[in-house]
Amino acid sequence: MGGLWAVSRTSLRSSGPAATWGSAQLANNANAAAMAASRGGIGASSGSSGRGTRGAAVGGAAAAVGAEAGARLESLPWAHTFVNELPADPNTTNVVRQVEGALFTPVQPTPPDGVPYTITYSAKVARLLGLDPTECERPEFALVMSGAAPLPGARPFAACYGGHQFGQWAGQLGDGRAITLGEVVNPATGGRWELQLKGAGKTPYSRRADGRAVLRSSLREFVASEAMAALGVPTTRALSLVGTGDKVLRDMFYNGNAKMEQGAVVCRVAPSFVRFGTFQLPVSRGAGEVGLVKMAADWVIKHHMPHLAAEPEPYLGLLREACARTGRLVAQWQALGFVHGVLNTDNMSILGLTIDYGPYGFLDVFDPDWTPNLTDASGRRYSYRNQPEAGQFNVVMLGNALLAADLLGREAATEALVGYSEVLSTTYNQLMAAKLGLKEYDRTLAQELMKMMYTDDADFTNTFRALCDIGSGGGSSSEEGGGAAAEGPQQLPGRLAAALNRGQPLSEERAAAWRQWLQAYQARLRADGTPDAERQAAQRLACPKFIPRQHLLQWAIEAAEQGDYSELEALMEVLERPYDEQPEAPAKYSAPPPPDMEGRPGVCMLSCSS
């Protein structure tokens with residue numbers, strides 16, 4: 001590899017294990033590879049301490065593809081339009097401060113004190129970038145994806161933005177623990193992707209934080225990113241999960257019980273990480289910075305919404321596009337029972353992506369007021385019920401920023417903002433019709449179902465999946481999931497009965513109410529006239545069997561903290577095909593949390609440090 005991988009002492013910490021690499025070429029550093037392997041990284045010999053069976057399969061597949069799969073790490077096709085075309089912070093001092101007149105600050109990752117090791121990676125995301133997946137097996141991969149060594153060609157920066165947090169203006173926020181390495185353009189597809197390290201050290205926007213991330217939060221983000229993509233939801237992606245080999249102090253619930261935890265870094269990937277708050281911060285600072293809004297908008301239109309460039313009012317088109325994308329996104333969340341947990345404007349993507357996975361969660365028992373965020377426990381501003389309203393607030397704040405920058409008129413902006421609720425409603429109705437296997441949304445039928453689900457503590461995901469088995473003439477006609485389900489003592493299909501009342505028998509009164517609803521449901525199915533087999537196949541594509549439930553994530557986290565990544569790999573393998581029946585998958589991956597997990601930290605409630 002020549003000098004590309006030569007690392008000077010000044011690029012690493014002057015103390016700790018990293019410094020021992022000195023100026024040696026990392027590709028040939030057998031000691032670094034051996035140390036990574038001893039920590040369960042690439043080259044580990046056992047499945048329990050290494051990347052597990054899925055990792056081996058991924059590595060084997062990538063090796064079979066070989067160089068045809070894409071570029072090497074040293075030859076990624078960088079573009080760097082963000083740093084080339086937008087104003088940079090002239091002060092490159094990496095100290096916490098207010099950054100004015102700029103949309104980003106050039107900043108280098110801070111190498112960790114420990115020896116980094118690769119825990120897992122996504123071959124699919126590597127291919128999105130045009131990167132050969134076998135590159136993720138190299139010892140150097142953990143070094144660059146942890147910030148311990150520079151990635152050739154990268155021009156790292158932290159973005160400057162503000163935001164409303166829980167409805168209150170918070171001023172400057174920015175990338176406090178995220179450092180973007182730059183943009184890569186896949187030459188085969190033309191896809192534009194930013195690589196961002198989350199947990200790679202302090203930036204001028206870190207405030208009182210350390211810029212690091214812990215294993216549990218990083219693992220949760222890696223899993224969610226790839227699981228949501230498999231579910232068909234617009235999302236940022238994750239290339240890799242890398243352990244840093246050092247410890248990070250965290251107080252998970254802000255209650256004085258801080259402890260040292262294992263550090264980790266996720267390499268997040270997205271077409272762009274520009275947020276609503278990118279447009280908000282400049283206008284909050286007055287006329288001297290308002291021009292930054294136009295610059296940011298022009299950049300987004302040029303590189304991510306080029307179809308707007310020819311419109312007579314491109315900035316109005318940008319707002320309309322953001323409203324529509326956000327409306328569709330929130331509708332998809334609602335249809336899947338996903339709760340983001342922190343829908344602040346700085347956590348809203350201008351491209352309508354699910355971004356910043358912190359205290360997120362999927363509904364187990366259906367409770368419209370549930371929020372996974374401890375910080376939101378009293379007000380429940382971002383609960384499942386309130387997510388649509390939170391999205392509405394956020395697009396209004398974006399509209400206000402574009403209005404204040406004089407990029408559009410008030411009347412046009414108001415009209416554009418209406419598009420959010422229109423798209424959300426239309427999309428939600430379509431998705432719920434599909435989940436019920438209907439040609440058109442039946443509001444009365446759907447609302448009555450949700451009321452009964454709430455009354456009878458129904459598991460959200462499993463209830464809808466069970467309805468896929470219902471035949472239009474009665475009982476269950478599923479060809480998957482073990483064939484026709486026997487009628488239980490309460491005369492309910494077995495799979496549906498198991499999803500209700502936390503798996504316990506219903507009272508006869510409640511069982512009768514479900515039988516009555518099922519009769520109305522089956523009558524509607526017969527009226528539609530779609531053959532059962534055809535309808536059920538389509539219905540299953542709208543009703544996943546597998547989601548990243550909180551307790552599954554917690555099991556994976558607890559095992560990973562002990563150096564065992566087999567649970568993580570097994571979970572990822574199941575989540576790659578969430579709509580398939582996968583009869584070979586252990587039942588635990590589609591089951592609600594067992595009683596001993598319901599009250600566990602990280603399952604019932606999380607915090608923004610989760």
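Helix H14 gives the largest share of the lining of the second largest pocket: three residues. The model is a predicted one. Start with that pocket, then move to a pair of packed helices.

The second largest pocket has a volume of about 760 Å³. Its lining counts 35 residues, and those closest to the pocket centre are Asp364, Val365, Asp459, Pro592 and Pro593. Three elements each supply two or more lining residues: helix H13 (460-467), helix H14 (494-499) and helix H19 (595-598). By class, the lining holds 21 nonpolar residues, five polar ones and nine charged ones.

Now turn to the helix pair. Two packed helices are described by the angle between their axes and the distance between those axes. Helix H12 spans residues 443-455, and helix H15 spans residues 508-528. They pack at an angle of about 155°, with their axes 11 Å apart. Angles over 145 degrees count as roughly antiparallel. H12 and H15 are therefore roughly antiparallel to each other. The crossing of H12 past H15 is left-handed.

Which residues make the contact between H12 and H15? From H12 come Leu445, Glu448, Leu449, Met452, Met453 and Thr455. H15 contributes Arg510, Ala513, Trp514, Trp517, Ala520, Tyr521 and Arg524. Sorted by class, the contact of H12 with H15 has nine nonpolar residues, one polar residue and three charged residues.

How values were computed: Residues numbered from 1 in each chain as written. Predicted model: local features only at pLDDT ≥ 70, side-chain atom pairs only at ≥ 80, totals over all residues. Heavy atoms only, no water. Axes fitted to C-alpha atoms, helices over the stretch in contact; angles between N-to-C directions. Helix = DSSP H or I, 4+ residues; strand = E, 2+ residues; numbered from the N terminus. Parallel < 35°, antiparallel > 145°, perpendicular 65-115°, else oblique. Left-handed = near helix turned anticlockwise from the far one by under 90°. Contact = heavy atoms within 4.5 Å. Nonpolar A, V, L, I, M, F, W, Y, C, P; charged D, E, K, R; others polar. 1 Å grid on protein atoms, 1.4 Å probe; cavity = no way out; pocket = protein on both sides within 12 Å on 5 of 7 lines; lining within 4 Å. Points joined across faces, edges and corners; volume = space filled by probe spheres on them.
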